[in-house]
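Subject: Structure handover

Hello,

Here is the structure for you to look at. My notes follow below it.

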Amino acid sequence: MSETISYAWREPVTDDEMVDLVRSHGGNAVAGWWSRIEPHSLGWVSARDGAGLLVGFVNVAWDGEDHAFLLDTKTRGSYQRRGIATAVVRLAAERARAAGCEWLHVDFEPGLRRFYFDACGFRDTDAGLIHLTTGP
């Protein structure tokens with residue numbers, strides 16, 4: 001039997017939950033990160049299992065106008081490959097559109113190309129990047 005996952009927009013998420021989620025798949029969790037970022041977000045999507053455990057997440061930053069940006073798409077390690085990340089991205093896109101954003105941007109590592117293009121519907125664009133710790 002498949003476990004029910006619930007999805008929510010701007011539902012409270014604690015910093016401790018974020019640290020646990022990041023660590024669940026081997027990520028480098030930084031305590032206090034979410035507490036610093038949350039006030040600057042347009043919103044975020046959380047995914048929880050039937051027991052209330054945070055199993056998925058994506059943050060939506062924005063420029064206050066037309067452009068929204070997906071950041072930190074995460075799925076708990078033991079819950080990956082179940083469509084949770086795709087669902088949080090889709091809900092994030094719906095909510096950014098409802099907030100009046102015209103564009104949704106995402107940056108990702110090459111290994112995530114199929115996920116963002118095939119599963120989530122992003123398209124390839126030209127973009128520029130400066131790695132600020134090494135200079136222009």
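Phe 108 is partly exposed, because its relative accessibility is 27%. This is a predicted model, so please read everything below as computed from it. Phe 108 pairs with Tyr 116. The two rings are stacked, with 5.1 Å from centre to centre and 20 degrees between the planes. Tyr 116 is buried, because its relative accessible area is 5%. Both rings belong to one aromatic cluster, along with Phe 115, Phe 117 and Phe 122.

**Other aromatic pairs**

The count of aromatic pairs comes to 7. One of them joins Trp 34 and Phe 57. Their ring centres are 5.1 Å apart and their planes sit at 85 degrees, so this pair is edge-to-face. The pair links distant parts of the chain. Trp 34 is in helix α2 (residues 33–37), and Phe 57 is in strand β3 (residues 54–62). They are 23 residues apart. Trp 34 counts as buried because its relative accessibility is 2%. Phe 57 is also buried, at 0%.

**Salt bridges**

How many salt bridges does a search of the whole structure find? The count is 6. Here are some of them.

Asp 20 and Arg 76 meet through their side chains, at 2.8 Å from N to O. Asp 20 lies in helix α1 (residues 15–24), while Arg 76 lies in the loop between β4 (67–75) and α3. The pair therefore ties together parts that are 56 residues apart in sequence. Arg 76 is buried, at 7%.

Lys 74 bridges to Asp 72. Their closest N and O atoms are 3.9 Å apart. The cut-off for a salt bridge is 4 Å, so this pair counts as one. Lys 74 is buried, with 14% relative accessibility. Asp 72 is partly exposed, at 31%.

Arg 113 forms a salt bridge with Asp 124, and the closest N and O atoms are 3.3 Å apart. This pair also links distant parts of the chain. Arg 113 is in helix α4 (residues 113–119), and Asp 124 is in the segment after α4. The separation is 11 residues. Arg 113 is partly exposed, with a relative accessible area of 40%.

**A negative patch**

Which residues gather in a patch of negative charge on the surface? They are Asp 63, Glu 65, Asp 66 and Glu 102. Glu 102 sits in the loop between α3 (84–98) and β5 (103–106). It counts as exposed because its relative accessibility is 55%.

Gly 100 lies in the loop between α3 and β5 as well. Gly 100 is partly exposed, with a relative accessible area of 45%. Gly 100 and Gly 64 are 36 residues apart in sequence. In space, they are 9.5 Å apart, C-alpha to C-alpha.

**Backbone points**

Most residues other than glycine have a negative phi. Two arginines are worth a look here.

Arg 10 has a positive phi of about 60 degrees, and it is not a glycine. Arg 10 is in the loop between β1 (6–9) and α1. It is partly exposed, at 38% relative accessibility.

Arg 81 has a positive phi too, of about 70 degrees. Arg 81 lies in the loop between β4 and α3. It is exposed, with 81% relative accessibility. Arg 76, the salt-bridge partner of Asp 20, is placed in the loop between β4 and α3 too.

**Where to start looking**

Start with the stacked pair of Phe 108 and Tyr 116. Then turn to the edge-to-face pair of Trp 34 and Phe 57. After that, view the bridge between Asp 20 and Arg 76. Finish with the patch that includes Glu 102.

Best wishes

Notes:
Residues are numbered from 1 along each chain as its sequence is written. This is a predicted model: local features need pLDDT of at least 70, side-chain atom pairs count only at pLDDT 80 or more; totals for chains, interfaces and linings use all residues. Side-chain values use heavy atoms; hydrogens and water are left out. Patches are made of residues with over 30% relative accessible area and no salt bridge: like charges are joined within 9 Å, nonpolar side chains (Val, Leu, Ile, Met, Phe, Trp, Tyr) within 5 Å. Accessible areas come from the Shrake-Rupley method with a 1.4 Å probe; for residues, only the protein chains shown count as cover. Lys and Arg count as positive and Asp and Glu as negative; His and the chain ends are not counted. The place of a charge is taken as NZ of Lys, CZ of Arg, CG of Asp or CD of Glu. Helices (H or I, at least four residues) and strands (E, at least two) are DSSP runs, numbered from the N terminus. Buried means under 20% relative accessible area, exposed over 50%, partly exposed in between (1.4 Å probe, protein chains only). Rings of Phe, Tyr and Trp (its six-membered ring) pair if their centres lie within 6.5 Å; planes under 30 degrees apart count as stacked, over 60 as edge-to-face and the rest as tilted.
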